[in-house]
Amino acid sequence: MASHPPVALTIAGSDPSGGAGIQADLKTFTVHGCYGMAVITALTAQNTQGVQAVHPSPPEFVAQQLRAVLEDSNVHALKTGMLYDAATTRAVAQTLRAHYFSSPDPLLEPPRAGRLQLVIDPVALSTSGHTLLTPDALEVLISELLPLAALVTPNVPEAALLLACAHPHDPPPVITTLEDMVSAALALRGLGPFTALVKGGHVALTWADVRRVLGARPSVEVVQDSFLDDNMEILRANEPGGTRWDRGSGPVVVDVMCGGTLEIITLFVRPKIESTSTHGTGCTLSAAIAANMANGLTVWEATRRATVFTHLGIETAFPVGLGNGPINHLHSLSKRLVPPKTLNNRHPLTRILIRSANSTWKEYVEHEFVKQLARGTLKKECFLHFIKQDYLYLKYYARAYGLLIAKSATYSSIQSATQTIINILTEIATHTAFCAQWGITEADLASTPESPSTTAYGAYLLDVGLQGDGAKLVMALAACLLGYGEVGLWLRKEAARPASWVVLEGNPYLRWIEDYSGEAYQGAVRLGLETIETLAVENPPNELQFQEWCAVWERCTRLEKGFWDASLNLL
């Protein structure tokens, strides 16, 4: 997908109950990552029990809506739904032809930007039997709109209506078998659309029907994403109604596609779901196909994915209304717990983590140890205890980053963790040189026994690292890295205030303040920020993972505070 969402447009009626029409289309566009636009052809009074009334938009106003959108935006794919009458259908066809073609005959000249990514859902009748496409509108749709289409998606009754209208002198078509559906798809393909899809929800079928068609037409493709394949016995034995997902068991729904220059026939087969939540199924399917095409998929692949999406929408539907409820358009959505980066908030996860442990974070950053250090009044023995223990802790910290390297899946993440270890080794050298000023040798540092707070913190880091979840380890490590960077910048900001309580001149700990507020360490902070923010984008956490991240961050912040508590002998 492009960096910006593609634009998908629906030209259809409005359903105030939200299950069909532009409401269903726009929801479907959204969950497929498209920016949805809508031209409203009619208002309806309807609910899950049926359509009570239709109030069509004036045809010239429909054309005006359509021109306004097409002249202003690059529409990547579009669909039509309920067009209602001949004048509106003609207005839509003429407006599309004028915008996309310079020749009056679209069969003689291709669209200006390649084939028009148009999906036509020839909505003719509501489930309750209300007429949504007048007979004269059928004629216009066939003669003027179908030749523009990449795909037409009638159900069986709509396919029969289209073919009867197109061939008025022939006997009315009867579509009751899978063979009839194949013949209907081929005949519809002959009316001008690049591809035809006949939806089979109205025809009772089984796998025996599929095998019979395959016997007569060996070149037919079969797509059966919802069924269990060979060597899936463990699923067959353990899924509820496992045999229902076998090829050969139970009733099926088959959609028949005929399309392309070679007129390849594809059967999209899935188990039949006994459900009353089917309101808006056709609208949703055609909208999903258009959205997939807007995202750059071929008509075939767009249809394959859309049939799966719609099937799951029926299967996961929840009760709405007193009649035939809508499908669940939102089944593929997951709640985003970390907002996306913006120009004004480039570090949304870090903001959330700090706020999730706000009081502990404040106690850590503005700790009495830090304040005494900034004033230069911190007792020497307290600082020396801290610096020795920090030296020992950094060994745990570096080893934890080694574990992170082992968990890394990309060279960039390996490089990032490796660079941090290099930064730690640089920090160790700083520690050693700093301690030398206080008469502490490297041998003294190495022979210093660990305090309980050092062991507790280091052991926790390694425990998180051994649990197998790289993301949790990143959160644990970031609390230390970012915390020291925060302390450094806080002290620098406080020192710049008039009559500041921070004393830099003559402060024996000035170098420590300068090290953690300086460019070298702040560069490591920027790398740490980028690491955790990238993690949130590439691997968005679910609710449980998000809670774990916050819990790890809070505990490490508390362990950091405990580190300074111990140095002040406050434990």
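The largest nonpolar core holds 79 residues, and Phe383, Tyr397 and Trp512 have the most contacts inside it. Such a core is a set of buried Ala, Val, Leu, Ile, Met, Phe, Trp, Tyr and Cys residues joined through side-chain atoms within 4.5 Å. Buried means under 20% relative accessible area, exposed over 50%, and partly exposed in between (1.4 Å probe, protein chains only). Tyr397 touches Ile424, Leu461, Leu477, Cys480 and Leu481, leaving out residues up to four places away in sequence; contact means heavy atoms within 4.5 Å. A second, separate core has 62 residues, among them Ala93, Val203, Trp207 and Val213.

This is a predicted model: local features need pLDDT of at least 70, side-chain atom pairs pLDDT 80 or more, while totals for chains, interfaces and linings use all residues. Residues are numbered from 1 along each chain as its sequence is written, and side-chain values use heavy atoms, without hydrogens and water.

The whole structure has 0 disulfides (pairs of cysteine sulfur atoms within 2.5 Å). Two cysteines are listed here.

| Cysteine | Closest cysteine sulfur | Relative accessibility |
|---|---|---|
| Cys34 | Cys283, 17 Å | 7% |
| Cys556 | Cys480, 8.6 Å | 0% |

Helix α7 spans residues 207-216, with Trp207, Asp209, Val210 and Val213 buried. Helices (H or I, at least four residues) and strands (E, at least two) are DSSP runs, numbered from the N terminus. The buried residues of α7 fall within an arc of 155 degrees seen down its axis, so they line one face. That arc is taken from the directions from the helix axis to the C-beta atoms. The face turned away carries exposed Gly215 and Ala216. Cover for the buried residues of α7 includes α6 (178-189) and β10 (251-259).
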